[in-house]
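Open the model in your viewer and keep the selection tool ready. This is a short tour, stop by stop.

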Amino acid sequence: MSVLTRDEAQTRAKLLDVHRYTIDLDLTTGDDTFDSRTVIRFTARTDGDTFVELKPAQLRSVTLDGQPLDPENLDGDRLPLKDLTAGEHELRIDASMRYSRTGEGMHRFTDPTDDETYLYTNLCMDDAPRVFAAFDQPDLKAVFELTVKAPQNWTVLANGIAEHLGDGHWQTAPTPLISTYLVAVAAGPYHSVTTEHRGLPFGLHCRRSLAPYLDADADELFEVTKQCYDRYHEKFEEPYPFDSYDQAFVPEFNAGAMENPGLVTFRDEFVFRSAVTDTERQTRAMVIAHEMAHMWFGDLVTLRWWDDIWLNESFAEYMGYQTCAEATRFADTWTDFGVARKAWGYEADQRPSTHPVAPDPELVPDTASAMLNFDGISYAKGASALRQLVAWLGEKDFHAGINTHFARHKFANATLADFIDSLAGSTERDVHAWAQTWLGTTGVDILRPQVTRGDEGTYTLQVEQTGSRPHRIAVGLYDLDVADEGRHLVLRERLDLDIPQSAPLPIGKRPALLLLNDGDLSYAKVRFDADSFDTVRASLSGLPDPLTRAVVWNALRDAVRDGELAPTAYLEAARTHLPHETDLALVQGVLAFASVQVAGRYVTPEERPAALATLTSLCRDLLRRTEDGDNPGLRLTAVRHFIDAAAHPDTIAAWLADGTVPGGPELDPELRWRVLARLAVLDATDETAIAAELERDPSATGQEGATRCRAALPDADAKRTAWEAMFAHDDLSNYLFVATAQGFWQPEQAELLHEYVPRYFEDAVALAARRGPAIADAAGRYAFPAHAVDADTLGHGERCLRNAEPIPALRRKLADQLDDLARALRVREA
């Protein structure tokens, strides 16, 4: 299939003005295909040639202004429109389209719990032609009006309010001007909960089998939605621009969520069927806030081309966290951002594949390259940059600038230059220079404190900077609390500092801990002076503020990744301080890094048993601390990580047999599958037990759990079967592919898996070419042999990139994985 280039999009945008799409979908034609009839009304500004995109199973007929065109002219996914004359035109296309099992286009899912079928679209960024014929680029906005024929007992949802006309026929209200990638339809026997807020219909929707779990959380979901909606109307002068606000939790969704105007789609893991922590509820609330921010930034005002994807995602990421903190009960969201999302940005920005937040348009020549930029830079780094911008400009000027932006470009398209001009009009600061420095460059600055003693026993601070960005940071000066024998630290003073410095900063007497970037307002790695590092090792958990502790944990994490701190030292810090930690996001973030990266990659195979023993001892401490039931989220986190780190099966096998952890919690489906997967790795279960558990939980999640467990069995036949399912048969859905990949590679089974490491690089390339970007992404992210940290794996991968020509989605993932592997080797050597 062809990919649209930026030059082609610019040429077509100069030629065409698209007015309206009338789309008729028939979802009753069978399990494999649906019918799609599209009428596009548009104007050609001059005489010329162009094309429309379509990816049909069968193209039945095409007429342009009443005259038939030959369907055989379809070239790949492009239908040429030759010899257009200046003026009004009407294009009619009748086609049969394929359902998807990969989360692209019109995804079809049959729920194994009750055999009900559900459909939904995901059209970002170039998948609209999988559903209807389109001039598929973001700057050709149009009005969309849909009619849908569906089975009698189904509900149809869309961007505009959908009305059931009877006999399975639905009509949707016309949208305002929106881009093709934002069109959305969901259909099936969805369970719905509805309400109104400020006269606007709000809805929540999910599969029927998840109805009890959605009902249990509906009040919380609506409360967060309303709080965010109200807060955005306080921030933004432009009112919410669409006629309804539906949130559909859909199966096998590739992303966290998608900001379709009026019909936001979420992965339905956000409908919690097992116990979750409050941090996971906070994450769900942040995603709700993030997607709602897109209604203004992304949907009302849309990027002109995909080089400005950060304008969508960085803004929504920043607003999601900030608005959650301001408007909901989740006031500490920036701590979670600091320890989880920000680390994602730092990692992405230190790989060879890094790119500026706002890349040069020449670096995004087509949609295939643009897809690669949905990453930690466009989300986390961009949000960090915006947070620094707000600290630099002040909230008043920032909000004035974005309201100017909405007023100038509503229902249209805008570029980075437009956005910066809008901000510049609201401040005397040089926003254009800021944008070039922060948005047009790559890499992470490193800030190191240099503390110097003066003649009278007072000290000054000079910050040594690796990098050249200007930073406005806070410097925290902390002293040991003498009253409790130094177990806690107290903030003496927090000083504002602009970097580069104009002069050394006086700090008075030497603090026990000097912390750069206290409050985490800038995007930079920080280091400690020697005395401060000694204080961190002894008293990290005694810092009073969780966001401050997040900055310290991130500094330790960065030092491990950079080879400046031994991985075992990080584990010991976790062992010492996490039993006293009160912020659950920090516990989850530190344990995740300790288990996945440190124990999984950074220590040698010989050191792994000791690392796992440290983690299980830490989790036992957390379990003892939570025996009184006061902190169920912390206890659940400890149980999960104890299971994942278990080196011997006896304890967790007893939990599974008893159906509970002594003292709680009872093992719900998520924990039962988690235990069984670890038992499979340890060769302490078998197919009979897996089949019995699947009979107990035949849900879609159960199917994934059983698939993961079967792939994890340390048996040659099980591995062969799993490998063929992933790379030979092409019938796994996106979620079942991921589950298989997650089970397949296990550090404990390195010898058994050795023969598959070189095979991966050949088979993944072929798979990606056959099945496309979504599966390519999954194959690069989950099916990569991340445990195989050695020069041979690195060599196989480098040869693959040199010689095998993987498609862009896989090439980017492989390049990132190989860089992470090389980093792990350097950490081991250090």
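What follows is a list of selections and what to find at each.

The model is predicted: local features need pLDDT of at least 70, side-chain atom pairs count only at pLDDT 80 or more, and totals for chains, interfaces and linings use all residues. Residues are numbered from 1 along each chain as its sequence is written, and side-chain values use heavy atoms, with hydrogens and water left out.

Stop 1: Select helix H1, residues 6-15. Helices (H or I, at least four residues) and strands (E, at least two) are DSSP runs, numbered from the N terminus. The buried residues of H1 are Arg-6, Ala-9, Arg-12, Ala-13 and Leu-15. Buried means under 20% relative accessible area, exposed over 50%, partly exposed in between (1.4 Å probe, protein chains only). Contact means heavy atoms within 4.5 Å.

**Stop 2: charges over rings.** Select Trp-334 and Arg-387. Arg-387 lies over the face of Trp-334, 4.0 Å from the ring centre. Next, take Trp-438: the charged end of Arg-469 sits over its ring, 5.4 Å from the centre. The rule asks for NZ of Lys or CZ of Arg within 6 Å of the ring centre and within 35 degrees of the ring normal.

**Stop 3: aromatic pairs.** Rings of Phe, Tyr and Trp (its six-membered ring) pair if their centres lie within 6.5 Å; planes under 30 degrees apart count as stacked, over 60 as edge-to-face and the rest as tilted. The count comes to 48 aromatic pairs. Start with Phe-297 and Phe-406: their ring centres are 5.7 Å apart and their planes at 65°, so the pair is edge-to-face. Phe-297 is in the loop between helix H3 (278-294) and strand S20 (301-303), Phe-406 in helix H8 (residues 395-409), 109 residues apart. Phe-297 is buried at 2% relative accessible area, and Phe-406 is buried at 0%.

Move to Tyr-760 and Phe-784. Their centres are 5.7 Å apart with planes at 90°, so this pair is edge-to-face. Tyr-760 is buried at 0% relative accessibility; Phe-784 is buried at 2%.

**Stop 4: a helix pair.** Select H18 (residues 669-681) and H19 (residues 687-696). They pack at about 170°, with axes 11 Å apart. Axes are lines fitted to C-alpha atoms, for helices over the stretch in contact, and angles run from 0 to 180 degrees between N-to-C directions. H18 and H19 are therefore roughly antiparallel, a label for angles over 145 degrees. Show Arg-672, Trp-673 and Leu-676 of H18, which make the contact with Ala-689, Ile-690, Glu-693, Leu-694 and Arg-696 of H19.

Terms used: Parallel < 35°, antiparallel > 145°, perpendicular 65-115°, else oblique.
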